[in-house]
Each structure stands twice: as C-alpha cells, then as structure tokens.
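Subject: Handover of a structure model

Dear colleague,

Please find below the structure that I am handing over to you, with its sequence.

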Amino acid sequence: MNWGLIGASTIASEHVIGAIRANGHEIISVLSSDAVRGANYAARHGIARSTTSLDELLGTQGLDAVYISTTNEKHHPQALAAIAAGKHVLCEKPLAMTPAEAAEMVRAAEAAGVVFATNHHLRNAGTHLAIRELIASGRIGRVLSVRVFHAVHLPPHLQGWRINDAAAGGGVIPDITVHDADTVRFCLGEDPVDVVAKAGTSGMGLGVEDSVMSVWSMPSGAMVQAHESFTHRFAGSGIEVHGTEGSIFGRGVMTQKPVGEVELVTVDGRSAVPFGTHDLYARSLGVFAAAVAGEGRPSADGVDGVKSLAVAVAVREAARTGQTVRVNYEGF
Ligand code: NDP
C-alpha cells in the first residue's frame, strides 16, 4: 500500500511512520503547510516527496491511503477532500472539532466506499485486548464500575497548541478524554448515556482546560470514573474494572508503548494476566490494511471516532454548565 502523510507531525515521526513501514507499506509523500519544514521532514524520514498542496498530495500517482495527523481543526476538511479523491483514510483522534463534523466524515466515506478509521491506538494494546477478553468471557461477572487513571505530564515538546490554542483543538478533553471514552466503550461493549464533570487548569493550560474528572453512566448500570490531566508528573496511568465476581487492575497501561501489567483478583486469589507485547501502532496499521483488502474492519472505525468525540464533548459541556449532559451520538 502507498501512503501519503497529511501533517508533518510528531506522532507520525515517533510512531506511525515506523508502523506503516513495519507492515511493508510505502510512504510516498508528506503534506506540510510550510515548504521548508515539509522538505526537512521528508528528508529526515526518507520520504521521496513533500508538498504544501493537498490537491497535489491527493493526486500523487499510486496513492492508496492517507494518514491525517494535523492539528484537530484541520482533520474535517482534509478528510473530506481525501475521501472525495477516493482515498482510504486513517485519521487521528479527535476526528474533528464536533461530533456533527465527524459524523459527516463517516457518512462521506460510506458513500464513497472507502475505509475510514480512527487511530485509537489503545484498542490495539495487548493489555486492553486481554482486559476486554476477561470481561467478555465473564471472568469478573457483571461489571459494576470502571476507574480510568490518565493524568500524565505533557512533555515539553508537546506543550504547543495542546495547552494554549482552543481553535486548534487544544485542551486535555479532546486530547485524552477521547482515548478514555474509546477504551471504556471497547472494554465494556456499551456506550455512555450521560456524564457529569469538573474541569479546570492546574498549571499548564492557557485558555484551555488541563485537568478534568468525570463520571459516566452506562446502559448496564455500571458507573465510570475518569481522570485526565496534563500536569501530573508521578501519578502513573491505569484502568480498573470491578465486577460482581472479580476485579481487573491494569497498571501503567494508558500509554503508547506495549507495557504495564494486568492483574485479575477473584475468590481464587490474585493472578497476573498474560498479554501480547506487539507494537500498538503497527497493529492498528495492519488491521487497517486488512480492512482495505476486504478483511474485517479497522480496530477503531469512523463511528468509534464519532462516539469517543461525542463523549468528550459531553464531558466538556457538563464541566462548563455543571449539569448532567446526555451524550449525543449523532444518530450512530
Ligand atoms: P504536532 O504539533 O507535532 O503536529 C501537528 C501539526 O503542527 C503538524 O501537522 C505541523 O503542521 C505543525 N507543526 C509541527 N511541528 C511544527 C513546528 N516546529 N512549528 C510549527 N508547526 C509545526 O502534533 P502531534 O503529532 O502531537 O498531534 C497531531 C495529531 O495527532 C493531533 O490530532 C493529536 O490529537 C493526534 N495524536 C494522536 C496520538 C495517538 O496516539 N493516537 C498521539 C499524539 C497525537 P504541518 O503539517 O502544516 O507542517
């Protein structure tokens, strides 16, 4: 498969370029809004071409698919253009600035017959696949509650638009709450109904929130508690799932690397749960390519991206108003 990169981004450089190549695919061009940055990026990563024109990128001979990792406000127009050009699209989260825009992207891809997916990497983690399997197989009985710990310390090289530019989609809610929404949906197989939340700044956010805590109601009656932040140096990350017959403790697992530990606790005692240690992004790209070849679906498809964004937007609205906010999934 031949890929074009839309966005000369950090995430592409740190994870996705390698993941594309690990699947035996080629990257044939990169789009940047700045010609010099694009050319330097292409040279640094061994990509033959760079361009500042989206039309030119989409018209590149032999292009099959694009990976969109620009700042969040650009995802919607760039994805619609790629879909209109008949290209398969793997888009970064959040899919767009609003769930309505994200839904428009999904429906456009459906109409065009191209594969459209969201890069929710955590679904591809061996730890999360193991947690999901434990829940689905009934090992912890009926799920009573979930607690997600995702308060990190944003490294300096990522402290740009994320902490000071609302128009580019900054803030911890579009950045991290979307991942937690997707993780919970993936593990439990159900969608949050409504949410309450408090958000604020704790030392890093300039005009956008850098910390949020929220509680979500699930259709089954399970309760979910989520904490996301950019400012916590030593908190570590994790997910706990508590059921009538057992509890699952995932420690150090809300991360980009295949690390952490998963423990199952039941009346029989405590046991370490084995999990795959494959690269999260390589798996995401491999499953995407299989979907393009007509085998299965992407690990997180477009509807998953609409839904994770819908939960995040509800959390932000709940924090703003102090009210319980029902999640609007735009008809999905
Ligand atoms: P970056 O800030 O690295 O890149 C975003 C855009 O910023 C690029 O497209 C680039 O524009 C521009 N840019 C990059 N470097 C510079 C610079 N030195 N000066 C000026 N502009 C610059 O963002 P991230 O890679 O951190 O995030 C990109 C997207 O990926 C976001 O949507 C984010 O939410 C998502 N993401 C997803 C992750 C995941 O694991 N699923 C993890 C991290 C991010 P241009 O292309 O025009 O050159």
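The notes below go from the domains to the sheets, the cores and a few single residues.

Please bear in mind throughout that this is a predicted model.

Domains

The domain assignment divides the protein chain into domain 1 (2–120) and domain 2 (122–282 + 309–326). Their C-alpha centres are 26 Å apart. Across the boundary, 20 residues of domain 1 are in contact with 21 residues of domain 2.

Strand β1 (residues 2–6) pairs with β2 in the parallel sense, over five bridges, and W3 stands opposite I27 of β2. Strand β2 (residues 26–31) has five of its six residues buried, so the rest of the structure largely encloses it.

On to the next strand, β2 and β3 (residues 49–51) are parallel and share three bridges, with R49 of β3 as the bridge partner of S29. Together with helix α2 (residues 35–45), β2 and β3 make a right-handed β-α-β unit.

A further right-handed β-α-β unit is made by β4, helix α4 (residues 72–84) and β5. Strand β4 (residues 65–68) is parallel to β5, and four bridges pair them; A65 has H88 of β5 as its bridge partner. In helix α4, the buried residues are N72, H75, H76, Q78, A79, A82 and I83. Just after α4, G86 has a positive phi of about 80°.

Which faces of strand β5 (residues 88–91) are covered? Both are: H88 and L90 on one side, and V89 and C91 on the other, are all buried. β5 also runs parallel to strand β6 (residues 116–118), joined by three bridges, and V89 has F116 of β6 as its bridge partner. The chain reaches β6 from β5 through helix α5 (residues 99–112), again in a right-handed β-α-β crossover. In the loop between β5 and α5 lies P94, and the peptide bond joining K93 and P94 is cis, with omega about -20°.

The nine-strand sheet

An open sheet of nine strands has mixed pairing and the order β14-β13-β12-β11-β7-β10-β9-β8-β15. At its edges stand β14 (269–272) and β15 (325–326); each has a single partner strand, so one side of each is left without a neighbour in the sheet. Within this order, strands β11 (residues 238–243) and β12 (residues 247–251) run antiparallel and are joined by five bridges. One of the residue pairs there is V241 with its bridge partner I248 in β12.

Nonpolar cores

The largest nonpolar core holds 72 residues, of which L5 and V241 touch the most other members. Helix α8 (residues 172–188) gives nine residues, the largest share of this core.

Leaving aside neighbours within four places in sequence, L5 is in contact with A12, I17, I20, I27, S29, V30, L31, Y41, I47, L57 and Y67. There is also a second, separate core of 24 residues, which includes L58, V106, A109 and V114.

A residue after β15

E330 is found in the segment after β15. Its phi is near 55°, a positive value in a residue other than glycine. The relative accessibility of E330 is 25%, so this residue counts as partly exposed.

With kind regards

Methods: Residues are numbered from 1 along each chain as its sequence is written. This is a predicted model: local features need pLDDT of at least 70, side-chain atom pairs count only at pLDDT 80 or more; totals for chains, interfaces and linings use all residues. Side-chain values use heavy atoms; hydrogens and water are left out. A nonpolar core is a set of buried Ala, Val, Leu, Ile, Met, Phe, Trp, Tyr and Cys residues joined through side-chain atoms within 4.5 Å. Buried means under 20% relative accessible area, exposed over 50%, partly exposed in between (1.4 Å probe, protein chains only). Helices (H or I, at least four residues) and strands (E, at least two) are DSSP runs, numbered from the N terminus. Contact means heavy atoms within 4.5 Å. Two strands pair if DSSP finds at least two bridges between them. A crossover is right-handed if, with the strands pointing away from the viewer, the path from the first strand over the helix to the second runs clockwise. Domain bounds come from an automatic or database domain assignment.
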